[in-house]
Amino acid sequence: MLVFAISDKGGTGRSVTSSNIVYRRALQGSDVCYLDFDFGSPTAGAIFSVSSVARGTAQGGMHRYFEGRLADPHRIDVWVESDREGLRGKPPGAGQMVLFPGDEGGGEFSTVSEEMLRRCVRLFSRLEEEFDLCLVDLSAGRSFAAQMALAATARLPGVPFRWLVFHRWTRQHIIAAHGLVRGRQGLLAAGVEHGHDEENLADHIRFVRTAVLEPDAAELEGLRETQKAWLHECDRELRELARKYGVGRTAMLGKIPLDPVLQWREQLISDEDVLSSQIANAETVAAFDDLAKKIVDDSAWEAL
Amino acid sequence: MLLMGEVRTGLLQNSGEIPESLCQAVLGLLSGERVRVSRRPIMYAVSPDQLTGVDCRLASASRARVRGVGTVLSRASVTGGRVLQGSSHIRVVRAGSDHRLSWSHYLARPGVVEVFGKVRVPDLVEGFAESGAWNDCLDLGSVSERFMDAVQGSPLLDRKAPFKSARTRLRWVAVSAEREPGHEPGHEPGHEPGQEGPGIRFVLGRDRVRTLRLVLPGGLTPGVVDFCEDLALHDWLLTTLQVIFERAGVGTATRAEVTARLAPAVDHLLHLWMPAARLDDEFTPFWERLERRPGFSRQWLSLVARVRDQIAVNTLALLREAGGW
């Protein structure tokens, strides 16, 4: 299955959240891979703690593959090449976890040629043979990478795909997420142009809320009553807004709580971070775990 | 001078094995010519040969610039209606002239690549075996994969493969044991010091790359391509069954889960093991040598026995739990 991660705005935590989903899915026993399609600023190496490709690879990554300069993009077995001790060595029962990094000094494409599209179709098709889940991290906003993903999936009718739209739980982000999907030149409009059926495509898109502050969270115990009441009111308004814009609960696949570790150290959160060093919250890991299950659970993707 | 090639092997992307008629249709996509099929002891269908023109560097261990011009011979095949292979090879010969001739010259010699200048065979042998995709040299593997992709992309396949599996890459190079004029004496590429019997060296590398070096006593006969494809097929079967068994979670997962995870192997793989089924007699000694060490069939049979034993004990346990006895 191909899963595309996209967000309208930057700073949503799209990359770090989708990397953690991939990691959790691998721990749950699936063979997974992560493709860095953020050609302009590849960062996945840093999230997976593979320092040799922290800012992209010098050995031929996604960008050069699409340029037609190599037959196979550089692939990294994270269980072998990660610098983080907790990630090195595949735990028993876990699946493969492979990273396809971007290129050092890559850059966004200014157009999608037929040849690039064919390469993309070939890549997706080959990876689908090998991996249960291929997560493609697209850059923020409407990019050529997103166009290419829509066009390629339209040519691969037998390959299941899903889209995750990441947005923060704020007024601006909710409106922007709506626009990214349903606005002019949004995913649906662009998808139809590339040959997708609008309704079918819409059924394969879900939203993920990031950095969500729950008004009832334990951390907020110390707030004054007036502050709490105000927070509740804001949350209610946001829920109302989200519903109005089609970004409400039914279209939501999951939400990730606000966690300082995710904000300051954009990395995979291991169980050790929760249990031994206790720097991360158990709720965050539970949210990743839940998303990693729902992403492949058909009942979470029934038509709206 | 020498033969070299690369075979890529993978699971055909279809829910079940495909019948002969469908094999013909998916392999026929590659060209208008007829697909050849043999039915005993296992169904094997192979596409007509395809030619790809090349004019590029050949990998050499010394990093010397070796230019080769000619054509690559490729074919795709399906074994047992289940396993897909893409195979490409070339015969490297010294060019008779010092410049590129018209394409009609090369097209009249399918599968021959002519190299210019002074070339040492061991240099090419080692260079080819070492080379990865990351250089500008001739990449026979990606030619093979192109033909595999064409088959996998056929609308006649449902793309619902019963399990995920990676393609394997077997890179092979064969030289003749007969001395050619101008051949420099020295270490033969397939022979290890002190080794007896046929010259064959098979090495498992990283990222599912295998290299095979052969010294052919009877000269460079085309049957070597069949042998390499057969070896690649059985190496893929073994590799894939190992992964399935490893991931079944024996000892940790519940008995029902283990059985369910092993089931695809029983349904789709176990009956495909038939080493040396279609080989010329002159290659039997090579298989026999591989059977002695590392012992392909020995490992396969032991693994198959483990799969069946697991399923048997799990079935008994489930029957007992169901209150039967």
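Predicted model: local features only at pLDDT ≥ 70, side-chain atom pairs only at ≥ 80, totals over all residues.
One of the positions to look for is A:Val32, which stands opposite A:Met97 in strand 4 of chain A. Strand 2 of chain A is also joined by six bridges to strand 5 (residues 133-138) of chain A, and these two strands run parallel. Here A:Phe37 has A:Leu138, in strand 5 of chain A, as its bridge partner.

Are the residues of strand 2 of chain A buried or exposed? The strand spans residues 32-37, and six of its six residues are buried, so that it can be described as mostly covered, given that a residue counts as buried if 20 or more other C-beta atoms lie within 10 Å of its own. Both faces of the strand are covered, with A:Val32, A:Tyr34 and A:Asp36 buried on one side, and A:Cys33, A:Leu35 and A:Phe37 buried on the other.

From here the reader can turn to the place where the two chains meet, in which 19 residues of chain B are in contact with 16 residues of chain A. On the side of chain B that touches chain A, strand 1 (2-11) and helix 4 (140-152) of chain B each supply at least two residues. The largest share of this side comes from helix 4 of chain B, which contributes three residues. Sorted by class, the side of chain B that touches chain A holds five nonpolar, eight polar and six charged residues.

Within chain B, the domain assignment gives domain 1 (2-220) and domain 2 (237-321). The C-alpha centres of domain 1 of chain B and domain 2 of chain B lie 27 Å apart, and the contact between them takes 17 residues from domain 1 of chain B and 15 residues from domain 2 of chain B. Which classes of residue make up the side of domain 1 of chain B that touches domain 2 of chain B? That side has nine nonpolar, seven polar and one charged residues.

The last element to follow is helix 5 of chain B, which covers residues 223-247 and has 25 residues. From its first C-alpha to its last, helix 5 of chain B reaches 36 Å, close to the 36 Å expected at 1.5 Å a residue. After helix 5 of chain B comes B:Gly249, whose phi is positive, near 75°.

Methods
Residues numbered from 1 in each chain as written. Chains lettered and ligands numbered in written order. Helix = DSSP H or I, 4+ residues; strand = E, 2+ residues; numbered from the N terminus. Expected span 1.5 Å × (residues − 1). Contact = placed C-beta atoms within 7 Å. Nonpolar A, V, L, I, M, F, W, Y, C, P; charged D, E, K, R; others polar. Domains from an automatic or database assignment. Buried ≥ 20, exposed ≤ 12 C-beta atoms within 10 Å, placed from the backbone. Pairing = 2+ DSSP bridges.
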